[in-house]
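Please look through the sequence and the model shown here, and keep both in view while reading. The paragraphs that follow go from one part to the next.

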Amino acid sequence: DLLKKKTNKIVVCHINHNIRKESITEENYIKEYCKNHKLIFESMTIKEYKENNFENEARKIRYNFYEKILKKYNSNKLFLAHHGDDLIETVLMKIERGSNIEGYAGIKRISKLNNYEIIRPLLSYTKKDIINYNKSHNITFFIDSSNTNINYTRNWYRHKVLPILKEKNPNIHLKFLKYSE
């Protein structure tokens, strides 16, 4: 919706990870949304996973797909919807697992990869901000049910640590963004 207000040259990419029943409904909704708003829609469904680390393999598959679509449309800009909560979770995970100085910064607002830029314009907003925007603009959105599984490290931070940090400072994501930059 935000990009649509800036340009009509948008290719919407959807990846169905094929691990939740509702993912077909979500994909069909996005496809119909794109058709109604005259946006190009590209999708892929991941048929199987071969590695033990689902999150890592899914990330590799996603970025391979993005690169293929960027090349197909001769584009060098990839916009992703990572938000401030994602940044906090990523920084905390990097600290827990260990990283290098660049890794401790978490998610960059703009990063270069191969022949394109990844732009994350929503890092200064929280998930709650985005949900509120969607509600106030009557935009249908979906909540990924797999994000409630605290066996995934990111989800553990999301449900156990973020609420405590936000209780202390509701704008803690902006402090993490400043730290990251």
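Phe 65 and Tyr 66 are both buried, where buried means under 20% relative accessible area, exposed means over 50%, and partly exposed lies in between, with a 1.4 Å probe and protein chains only. This is a predicted model, in which local features need pLDDT of at least 70 and side-chain atom pairs count only at pLDDT 80 or more, while totals for chains, interfaces and linings use all residues. Residues are numbered from 1 along each chain as its sequence is written, and side-chain values use heavy atoms, with hydrogens and water left out.

The structure holds five aromatic pairs, a pair being two rings of Phe, Tyr or Trp (its six-membered ring) whose centres lie within 6.5 Å, called stacked if the planes are under 30 degrees apart, edge-to-face if over 60 and tilted otherwise. Tyr 63 and Tyr 66 form an edge-to-face pair, with 5.4 Å centre to centre and 80° between the planes. Because these two residues, Tyr 63 and Tyr 66, are three residues apart in helix α2 (residues 54-72), they are separated by about one helical turn; helices here are DSSP runs (H or I, at least four residues), as strands are (E, at least two), numbered from the N terminus. Phe 65 and Tyr 66 form a tilted pair, with 6.5 Å centre to centre and 45° between the planes. Elsewhere, Tyr 29, Tyr 33 and Phe 142 form one aromatic cluster.

We turn next to a strand and then to another helix. Glu 117 lies in strand β5 (residues 116-119), and Glu 117 counts as buried because its relative accessible area is 18%. Leaving aside neighbours within four places in sequence, Glu 117 is in contact (heavy atoms within 4.5 Å) with Asn 76, Lys 77, Leu 78, Ile 110, Ser 111 and Lys 112.

Thr 153, by its place in the chain, belongs to helix α5, and at 26% relative accessibility Thr 153 counts as partly exposed. Not counting residues up to four places away in sequence, Thr 153 touches Met 93, Glu 96 and Arg 97. The C-alpha atoms of Thr 153 and Leu 92, which are 61 residues apart along the chain, are separated by 10.0 Å.
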